[in-house]
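Could you walk me through this structure, starting with the annotated site and working outwards? I'd like to know what sits where and what touches what.

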Amino acid sequence: MTSRLPPAILLMGPTASGKTAAAMALCDRLPVELISVDSAQVFIDMDIGTAKPDAATLARYPHRLIDLITPEERYSAARFRTDALAAMAEITAAGRVPVLVGGTMLYFRALLDGLAELPQADAELRASLDAEAARDGWPAMHARLARLDPATAARLPPNDSQRIQRALEVCLSSGRPMSELLATGERQTAPYDFLQIALLPSQRSALHERIGQRFDAMLAAGLEDEVARLRQKYRLDLGLPSMRCVGYRQVWEAQDGLMPRHEMRDRGVFATRQLAKRQITWLGNSFAAEHFDCLDSALVDRVAARVAGFLSA
């Protein structure tokens with residue numbers, strides 16, 4: 001390797017694109033270690049609905065940054081960057097190559113570019129925004145954000161409650177649009193030579209089919225029981241990031257009669273497809289990644305060959 005910087009691999013893709021299988025294949029063939037880039041898999045006891053690798057898989061293919069906090073707690077992109085850089089430094093020092101694998105695009109962006117200084121969370125303001133949303137609905141809150149920060153609103157769907165709330169909070173706390181604060185933030189380039197790989201579907205309908213099958217498998221594996229256990233063990237509510245995760249929210253709402261139970265599966269699948277759409281948009285617009293067809297039967301071999309070539313260059 002001729003680069004003066006140590007190498008690192010970013011293996012990115014929408015949900016159900018085969019990232020984990022590709023990452024494990026890299027472990028079988030190359031001197032790499034895995035770091036999870038997933039804002040849902042950081043939560044302890046949230047296993048089925050996050051598609052977290054099972055214990056046997058993790059024993060053979062350890063993933064760092066999994067099971068960090070309880071579902072009562074909050075994790076941030078800033079903390080991810082700190083944790084990821086520390087893990088990468090340990091892996092590099094051991095003479096191995098970090099492979100960061102996942103679908104939380106904000107975390108990848110934070111790692112690559114750093115984060116602007118944004119106002120700290122304001123519990124009182126957040127509660128006020130939640131009350132306003134409960135009264136008027138998140139589409140109305142999205143419309144309010146569009147007036148305050150058109151650029152941020154344009155990249156958020158009208159029901160993305162967590163990000164709409166945060167963008168409004170930043171606007172109201174700082175008096176400036178979040179998009180402006182992010183644009184003027186200092187770029188903090190991580191000290192690595194990154195190979196960015198994006199697993200994207202050549203046919204969106206095929207990915208949608210995979211998503212439906214995976215959600216059905218989660219239900220069959222006991223997702224509803226998992227949510228019930230979480231609610232019994234922890235002090236949770238639908239405003240927490242953990243319970244805003246796709247799948248968990250729909251199951252909770254069905255359990256509480258907030259939606260007809262027969263709609264739970266279809267709403268969960270729809271929400272997951274919307275998540276995949278946002279991930280694909282991020283990958284197309286915000287990363288200089290090499291694209292690989294996640295539906296290609298030879299995907300694993302192609303990705304492994306590209307990574308091997310990068311590491312031997």
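Thr 15 is buried, because its relative accessibility is 8%, under the 20% cut-off for that label. Keep in mind as we go that this is a predicted model. Thr 15 belongs to the loop between β1 (7–12) and α1 (19–29).

Next along is Ala 16, in the loop between β1 and α1. Ala 16 is buried too, at 11% relative accessible area. Not counting residues up to four places away in sequence, Ala 16 touches Leu 207, Arg 210, Ile 211 and Arg 214.

Now move to helix α11 (residues 223–233), where Leu 223, Glu 226, Val 227 and Leu 230 are buried. Those four share one side of α11, because they cover an arc of only 100 degrees around the axis.

Let's zoom out to the domains. The protein is divided into domain 1 (7–114 + 188–312) and domain 2 (123–184), and their C-alpha centres lie 25 Å apart. Five residues of domain 1 are in contact with eight residues of domain 2. Between them, domain 1 and domain 2 bury about 580 Å², with carbon and sulfur atoms giving 39% of that area. On the domain 1 side, Arg 74, Arg 244 and Arg 278 lose the most area to domain 2, together 68% of what that side buries. How many salt bridges are there between domain 1 and domain 2? The count is one. Asp 130 and Arg 244 form a salt bridge, and their closest N and O atoms are 4.0 Å apart.

While you're in this part of the chain, have a look at Pro 150 in helix α7 (residues 150–154). At 52% relative accessibility, Pro 150 counts as exposed. Pro 150 and Pro 177 are 27 residues apart along the chain, and their C-alpha atoms are separated by 8.5 Å.

In one of them, Arg 64 pairs with Glu 33, with the closest N and O atoms 3.2 Å apart. Arg 64 lies in strand β3 (residues 63–64) and Glu 33 in strand β2 (residues 32–37), so this pair ties together parts that are 31 residues apart in sequence. Both ends are partly exposed, Arg 64 at 26% relative accessibility and Glu 33 at 23%.

Glu 33 has another partner, because its side chain also meets that of Arg 96 in a salt bridge (3.5 Å, N to O). Arg 96 is in the loop between α3 (77–93) and β4 (97–102), so the pair ties together parts that are 63 residues apart in sequence. Arg 96 is partly exposed, with a relative accessible area of 34%.

Finish at helix α8 (residues 161–174), where Glu 169 and Arg 166 are three residues apart, about one helical turn. Glu 169 forms a salt bridge with Arg 166, the closest N and O atoms being 2.9 Å apart. Is Glu 169 buried or exposed? At 0% relative accessibility, Glu 169 counts as buried, whereas Arg 166 is partly exposed at 22%. Elsewhere, salt bridges that share partners join Glu 33, Arg 64, Glu 90 and Arg 96 into one network.

How values were computed
Residues numbered from 1 in each chain as written. Predicted model: local features only at pLDDT ≥ 70, side-chain atom pairs only at ≥ 80, totals over all residues. Heavy atoms only, no water. Buried < 20%, exposed > 50% of the residue type's maximum accessible area, 1.4 Å probe, protein only. Helix = DSSP H or I, 4+ residues; strand = E, 2+ residues; numbered from the N terminus. Arc of directions from axis to C-beta. Domains from an automatic or database assignment. Contact = heavy atoms within 4.5 Å. Buried area = accessible area lost by both parts, 1.4 Å probe.
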